[in-house]
Amino acid sequence: MPEYVHGGDVYSYQTRFGAPPVDLSANINPYGIPARVKQAIHAAVEDCTQYPDPFCRAARAAIAQAEGVDPDRIYCGSGAADVLDRLVAVLHSKTALLLAPTFAEYERTLAGADLRFHMLRADEGFAVTERFLDDITPGLDVVYLCSPNNPTGRMIDHALLRQIAVRCAGVGARLVLDECFLDFVQGGETMAAQLDEFPSLVLLRAYTKMYAVPGVRFGWCMTADTALIEELYRAGQPWNVSVIAQACAIACAGEREYAAQSAQRIAAERAYLQEQLTARGLWVCPGEANFLLFRTDDGDLAEKLARRGILVRDCANYRGLARGYYRTAVKTRKESDALLAALDEIQKEES
């Protein structure tokens, strides 16, 4: 069986330990699925006697209204990862520029391409700076960015993103910008308003994290390149987004107030958790999303926490990181305190 490299593997944990963990390894909104989204999911069961709309027309219309874009500029998939696979299938990129560290799925989907990496620096807080512009050179086919970045949680300055988009256009490279965690950033600014200005820009989004529906699988991309949208439809089976997922997306698109309130609450919990982790002598990356990257000298911390019922993401397998880096989701105060208590217990036993 292949190795699972992402967070949220509660199934292996339960097989091993016989009980579910406090799962801080997956960055899901701790306040759960909004009531109206749950209702829409349940109601959609009655429509499962029909094939799903292969063009996700109602879902695209709802997203378009929420995002202020033309629905013809939206392509929907079975999660953002599905969209990434289709993008690779139609772009045929031979050379690609990625951050390190960043989301592992970009590198997976681009297997076989000439991959170039911009190494983020710990002494810069893993921020994307103007140094990145120097790596956007002629010969590149595509540039992948993530803002806020995973696993660092760092936003890329909007003015710098514009510079990057200009540089990509200048060298003929397509820019794929992953904004899947943007809803968790208070005041976070999407690049959706720049789609006309940069026709080769592709924005990647999902409702998975904010609306706590990773099991439903729904994501989408937005671009002014409608020819690319047409190619994405032809790149795989026509019924890739289920009836239930489309109904879920329509409901999520109308829950902007829920998202704003969640972002506000999580920002307060993130500040608390960052302060408490720092007080325990850990280095914490100044992230702005619903997770925190931290560093410790203990390369076995994830296993020690697992034995205490807590699952965090060991980031040693991220390109650009090493043993001792971990990512924890920002959840409720109760869950944060459970993590902190476990850390105190480990420190006490080993001191």
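Is Asp 183 buried or exposed, judged by its relative accessibility?

Tutor: Asp 183 counts as buried, because its relative accessibility is 13%, where buried means under 20% relative accessible area, exposed means over 50%, and partly exposed lies in between (1.4 Å probe, protein chains only). Before going further, please note that this is a predicted model, in which local features need pLDDT of at least 70 and side-chain atom pairs count only at pLDDT 80 or more, while totals for chains, interfaces and linings use all residues. Residues are numbered from 1 along each chain as its sequence is written, and side-chain values use heavy atoms, with hydrogens and water left out.

Asp 183 forms a salt bridge with Arg 205, their closest N and O atoms being 3.3 Å apart; the term stands for a side-chain nitrogen of Lys or Arg within 4 Å of a carboxyl oxygen of Asp or Glu. Asp 183 lies in the loop between strand S6 (174-178) and strand S7 (201-206), whereas Arg 205 belongs to strand S7 itself, so the pair ties together parts that are 22 residues apart in sequence. Helices (H or I, at least four residues) and strands (E, at least two) are DSSP runs, numbered from the N terminus. Arg 205 is buried as well, with a relative accessible area of 3%.

A second pair, Arg 333 and Glu 269, has its closest N and O atoms 2.8 Å apart in a salt bridge. This pair links distant parts of the chain, with Arg 333 in helix H11 (residues 333-350) and Glu 269 in helix H9 (residues 256-279), 64 residues apart. Arg 333 counts as partly exposed at 36% relative accessibility, while Glu 269 is buried, with a relative accessible area of 11%. Returning to Asp 183 and Arg 205, salt bridges that share partners join these two residues with Glu 67, Glu 179 and Arg 256 into one network.

For another pair, consider Asp 85 and Arg 108, which form a salt bridge whose closest N and O atoms are 2.9 Å apart.
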